[in-house]
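Dear colleague,

Please find below the structure that I am handing over to you. My notes on it come directly after.

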Amino acid sequence: MSWYSILPPLIAILIVFWRKEVIMALLVAVASSEFLLALNGEGNTLFFTFINTIERVIEVASSPGNSRILIFSILIGALLAYIRESGGVAATVNLLMNKGVAKSKRQVGYLTMFSGIAVFIESNLSVLTSGILSRGLFDKFKMSRARLAYIIDSTSAPVCILILLNGWGAYVLGLLGNYEMEESAVSVLWGSIGYNFYAIITLLIVFYTITFDKVHGPLKQAEENLEQQETEVAEEVKGSKARYMLVPLITLIGSMVGFMFWTGDGDIASGSGSKSVLYATILACVVAYFLMISSREFTHHKLVDIGFKGMGELLPLVSIVLLSLTLGASLKDLGTGVFVAGLVGDFLPIYLVVPVLFLTGAVISFTTGTSWGTFAILIPIGVPLIQALGLPPSLVIAAILGGGVFGDHCSPISDTSAVSAIASGCDLLTHVKTQMPYALFGGALTFIAYLVTSIIVI
């Protein structure tokens with residue numbers, strides 16, 4: 001595919017930083033991508049751009065996996081509204097403080113990080129669990145929602161790609177299983193853990209931020225501007241019973257694990273993340289509904305109003321998730337990822353191959369907004385390089401995986417960024433702007449680590 005396949009994501013990113021409007025940026029990017037695809041056909045290009053853009057959105061929304069993600073993203077709004085309006089959030093905050101689990105900013109940060117690590121089964125569930133549990137605590141200790149979004153986003157994917165006993169590991173194993181190598185796919189994947197420098201460095205940076213209570217750059221500015229948000233925090237519902245939050249949250253986590261086993265026929269790593277998180281969210285909403293209605297303080301009609309109000313609050317972010325998925329599908333047909341991957345070239349010194357694969361993965365993930373899509377593009381390129389050049393398989397795979405996560409952390413068009421914003425209650429652009437310096441710093445250290453490792457090992 002030609003160089004112009006890179007234009008749609010660049011247009012989206014430019015509009016995001018120029019106009020501070022993500023939905024318009026994604027719409028323009030999708031339309032421009034469909035325009036470039038329509039140029040290959042015959043007839044009225046503008047007409048078919050309009051029609052094809054609509055059909056692309058419908059095609060993406062009608063995909064079972066994507067539909068589950070969209071419905072789950074909407075229903076999370078209802079769940080958050082239930083536990084907020086029931087007084088469960090405030091009660092849980094008071095309980096954790098009284099028990100000594102969350103008596104300081106450092107303890108709250110550790111609780112957020114380690115709750116995300118504990119729920120390593122699925123990245124969205126990790127983000128949701130940490131975000132829902134810690135929202136009220138961050139407000140109580142006057143820490144910004146941007147800091148919460150950073151911690152949960154920078155914990156979930158790195159943990160999932162390091163532990164690998166989940167859908168991430170199963171997905172990458174499936175990609176590696178298409179090739180014959182001297183080592184088994186399982187051996188290569190497990191060997192990549194020690195070489196996944198970006199994930200390790202990112203977790204260490206999060207740990208540093210929490211331990212020393214230090215924030216830098218735009219995130220520091222967000223903390224300083226927190227006083228302007230005190231009115232919103234003060235309007236939080238008074239505490240009632242902690243069970244109104246804890247029981248739905250435990251239901252969410254427990255049923256998610258159960259549904260992963262069920263959809264994977266007893267193998268949790270083979271379970272469907274999109275099915276499990278949707279079923280678990282619906283069940284948690286039902287549990288929250290019955291808890292509240294049994295208290296006799298809420299009527300059915302009141303709970304319906306609360307649920308729809310909560311869903312309505314998330315519609316803008318859900319729209320961003322839908323358009324991000326749509327842009328990713330359109331760019332796949334346009335060949336953007338393949339074009340970027342081709343820039344690696346055939347004339348690199350052998351010690352630069354692994355660092356450049358890491359950067360290439362970051363660029364693909366940044367411009368397409370998907371880490372899993374990046375894996376699907378680069379692993380078929382990386383494995384032949386392993387076979388032809390005799391490169392260490394685990395090192396190459398680790399660079400590809402780390403690059404995909406790195407680019408996703410920086411991308412304003414990533415659906416993962418949108419879900420992290422949903423879970424934390426943070427504005428999407430604020431989350432991207434405050435997380436990017438940390439991701440770039442981690443990415444720079446990772447590039448150096450791969451360069452030094454390649455010089456020593458290869």
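Predicted model: local features only at pLDDT ≥ 70, side-chain atom pairs only at ≥ 80, totals over all residues.

Residues are numbered from 1 along each chain as its sequence is written, and side-chain values use heavy atoms, with hydrogens and water left out.

The largest pocket has a volume of about 1,300 Å³. A pocket here is an open set of points on a 1 Å grid over the protein atoms alone, where a 1.4 Å probe fits, with protein on both sides within 12 Å along at least five of seven lines; lining residues have an atom within 4 Å of a point. The volume is the space filled by probe spheres set on the points, which are joined across faces, edges and corners. Of the 48 lining residues, Asn66, Leu325, Thr370, Trp372 and Gly373 lie nearest the centre of the pocket. Helix α16 (residues 300-334) supplies the largest share of the lining, eight residues. Helices are DSSP runs (H or I, at least four residues), numbered from the N terminus.

Helix α15 (residues 273-294) has 22 residues and reaches 31 Å from its first C-alpha to its last, close to the expected 32 Å; the expected span is 1.5 Å times one less than the number of residues. Ser272 caps the N-terminal end of α15, with a side-chain oxygen 3.2 Å from the backbone nitrogen of Lys275. After α15 comes Arg296, whose phi is positive, near 65°.

Ala157 is found in helix α8 (residues 145-163) and counts as buried because its relative accessibility is 7%. Leaving aside neighbours within four places in sequence, Ala157 is in contact (heavy atoms within 4.5 Å) with Trp168, Val405 and His409. The C-alpha atoms of Ala157 and Phe406, 249 residues apart along the chain, are separated by 9.6 Å.

Thr416 belongs to helix α21 (residues 415-424), and its relative accessibility of 19% means that Thr416 also counts as buried. Beyond its neighbours within four places in sequence, Thr416 is in contact with Asp153 and Asp408. The side chains of Thr416 and Asp408 are joined by a polar contact of 3.2 Å; such a contact is a pair of N or O atoms within 3.5 Å, and within protein one must be able to donate a hydrogen and the other to accept it, with residues adjacent in sequence counting only if both atoms are side-chain atoms.

With kind regards

Technical notes. Helix = DSSP H or I, 4+ residues; strand = E, 2+ residues; numbered from the N terminus. Buried < 20%, exposed > 50% of the residue type's maximum accessible area, 1.4 Å probe, protein only.
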